[in-house]
Amino acid sequence: MPEEAWTIPEVAVAVDLAILTVRSGALKVVLVERGIEPFAGMPALPGGFLAHEAEDVEAAAFRELTEETGLSPESLHLEQLRTYGAPDRDPRRRVITVCYLAFVPGLPSPTAGGDAADANWVPVDAVLRKRSRLAFDHKKILADAVERARSKLEYTTLAAAFCPPEFTVSDLRQVYEIVWGEELDPRNFHRKVTSVAGFLVPTGGRTSRGGRPAALFRRGPAEVLHPAILRTPSRTGRR
């Protein structure tokens, strides 16, 4: 088709934020209650439209984070998850959204603002249940974000960031079990994590909690796991 015959579609650009953390023994996500139509009153990921044509997409993500949740951009590392652009994803008009993911420890409780009537940490398992609903296509976006976070634990040392400064292998295993949603064999897990160079550094100390004292570790300098610590095929879809 000749270029002069093309019809350039009119689209709006938005950003959405999937902010994940481990709190109170569960993998949780920040959800806001939409204060405006469409989907007023429904839970949704924080986000919104670019403020003006000159606004950078990443700057818009930081702005929406602050406006709708009160969380500080300085405390987060946002990475692009993917772009979503199904023609019917927003009933108002054609909207393409760029989703950003953050999976970080130690986040405070969010505070609603902007177009959000409320904001809370919500367990991911509850949100992704079959009968639960989120506004727009945010349930699909969240599922993709959770899968990305789970994959990061396979290939990086990120899980150790969710442990205290000194921790046991059992503490670390609990993080993996919470994020992956599966129980892990303690002996096999211990062998894997202690065999990865630079993942864990022994402190020389041991726990004083009840039961048999366990060795204490701190996070080592490694950022990438080699070899990777992989989930079971039933959880990842690998065969």
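In which strand is the place of Val-13? Val-13 sits in strand 1, where strands (E, at least two residues) and helices (H or I, at least four) are DSSP runs numbered from the N terminus. The model is a predicted one, in which local features need pLDDT of at least 70 and side-chain atom pairs count only at pLDDT 80 or more, while totals for chains, interfaces and linings use all residues. Residues are numbered from 1 along each chain as its sequence is written, and side-chain values use heavy atoms, with hydrogens and water left out.

With a relative accessibility of 34%, Val-13 counts as partly exposed; this class lies between buried (under 20% relative accessible area) and exposed (over 50%), for a 1.4 Å probe and protein chains only. Beyond its neighbours within four places in sequence, Val-13 is in contact (heavy atoms within 4.5 Å) with Phe-49, Leu-50 and Ile-96. Thr-111 is 98 residues from Val-13 in sequence, and their C-alpha atoms are 25 Å apart in space.

Not counting residues up to four places away in sequence, Phe-103 touches Leu-20, Thr-21, Leu-27, Ala-149, Leu-153, Leu-158, Phe-162 and Val-179.

Buried positions in helix 4 are Val-169, Leu-172, Arg-173, Val-175, Tyr-176, Ile-178, Val-179 and Trp-180. Just after helix 4, Gly-181 takes a positive phi of about 70°.

Turning to open space, a pocket is an open set of points on a 1 Å grid over the protein atoms alone, where a 1.4 Å probe fits, with protein on both sides within 12 Å along at least five of seven lines; lining residues have an atom within 4 Å of a point. The largest pocket has a volume of about 300 Å³, taken as the space filled by probe spheres set on grid points that are joined across faces, edges and corners. Among its 24 lining residues, Arg-34, Gly-47, Gly-48, Arg-92 and Phe-136 are the closest to the centre. Its lining divides into 11 nonpolar, 4 polar and 9 charged residues; Ala, Val, Leu, Ile, Met, Phe, Trp, Tyr, Cys and Pro count as nonpolar, Asp, Glu, Lys and Arg as charged, and the others, Gly among them, as polar. The second largest pocket has a volume of about 210 Å³, and Phe-103 is one of the residues that line this pocket. Strand 6 provides the largest share of that lining, 3 residues.

Most residues other than glycine have a negative phi, and most peptide bonds are trans. Phe-136, in the loop between helix 2 and helix 3, has a positive phi of about 55° and is buried, at 18% relative accessible area. Ser-24, in the loop between strand 1 and strand 2, has a positive phi near 50°, but counts as exposed at 75% relative accessibility. Cis peptide bonds join Glu-37 to Pro-38, with omega about 0°, and His-226 to Pro-227, with omega about 5°.
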